[in-house]
Amino acid sequence: MADLAVLEDPKMRAVNEKHGDDHGVNLGKLRALAKQLKTQQDLARELWGTGDTAARLLALLICRPKAFQRDELDTMLREARAPKAHDWLVNYVVKKSPHSEELRLAWFGDPDPVVASAGWALTAERVVKKPEGLDLAGLLDAVEAEMKDAPDRLQWAMNHCLAQIGIEHAEYRDRATDIGERLEVLKDYPTPRNCTSPFAPTWIAEMVRRRQAGQ
């Protein structure tokens, strides 16, 4: 915790707090500290238990993802209100856990939109890597009905799933693109030059174009 305190930068905290992340630690320096510590599951649990966002991010970098129990991960996700901690927990830990599919199903329809966003993020992962058994048409139905008015983080995850269906599954590409065009979610999202817009129709078209160009 003393090492993390030394890394704290008030200017970085001010920038991060605009995105809902209450820490001021440079993530490159945080990763360097994690590299020094290496994997330490017990320390990771202690760091998570502090409730401090920077400590929790460090915990996610030094933990052993497969060592967490299902209920432990469920509790951690519900505690992770800072967007970066939530994102890292899902991507760095839950996706590598043997409990990921069980948690995907449990979180997908959760009444808490932040928890539900994790279920949608895991579903988007399955759309790409293991689509067998998924009801892709049903997912598009849900996106069409709910995404427009969903809270920001849930909306972002649903949009990601929509785009991945359109990118990965040609038979649903036209419908996914049409849904994106009609709902206009993230259409005006500020996108840096040389980056792909998160607006689903643009995202789908660009990724398909790149794949075709590479064939």
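## Basis of the model

Residues are numbered from 1 along each chain as its sequence is written, and side-chain values use heavy atoms, with hydrogens and water left out. Because the model is predicted, local features need pLDDT of at least 70 and side-chain atom pairs count only at pLDDT 80 or more, while totals for chains, interfaces and linings use all residues.

## Helices α9 and α10

Helix α9 covers residues 113–129 and helix α10 covers residues 136–146; helices are DSSP runs of H or I with at least four residues, numbered from the N terminus. The two pack at an angle of about 140°, and their axes lie 12 Å apart. Axes are lines fitted to C-alpha atoms over the stretch in contact, and angles run from 0 to 180 degrees between N-to-C directions.

In this pair, Trp-120, Thr-123 and Val-127 of α9 meet Leu-136, Leu-139, Ala-142 and Val-143 of α10 (contact means heavy atoms within 4.5 Å). By class, the contact has 6 nonpolar, 1 polar and no charged residues. Here Ala, Val, Leu, Ile, Met, Phe, Trp, Tyr, Cys and Pro count as nonpolar, Asp, Glu, Lys and Arg as charged, and the others, Gly among them, as polar.

## The second largest pocket

The second largest pocket holds about 200 Å³ of space. A pocket is an open set of points on a 1 Å grid over the protein atoms alone, where a 1.4 Å probe fits, with protein on both sides within 12 Å along at least five of seven lines; lining residues have an atom within 4 Å of a point. A volume is the space filled by probe spheres set on the points, which are joined across faces, edges and corners.

Helices α8 (100–108) and α9 each give two or more residues to the lining of this pocket, and α9 gives the most, with 4 residues. The lining divides into 1 nonpolar, 2 polar and 7 charged residues, including Glu-125 and Lys-129.

The side chains of Lys-129 and Glu-125 form a salt bridge at 3.1 Å, N to O (a side-chain nitrogen of Lys or Arg within 4 Å of a carboxyl oxygen of Asp or Glu). Because Lys-129 and Glu-125 are 4 residues apart in helix α9, about one helical turn separates them. The structure holds 21 salt bridges.
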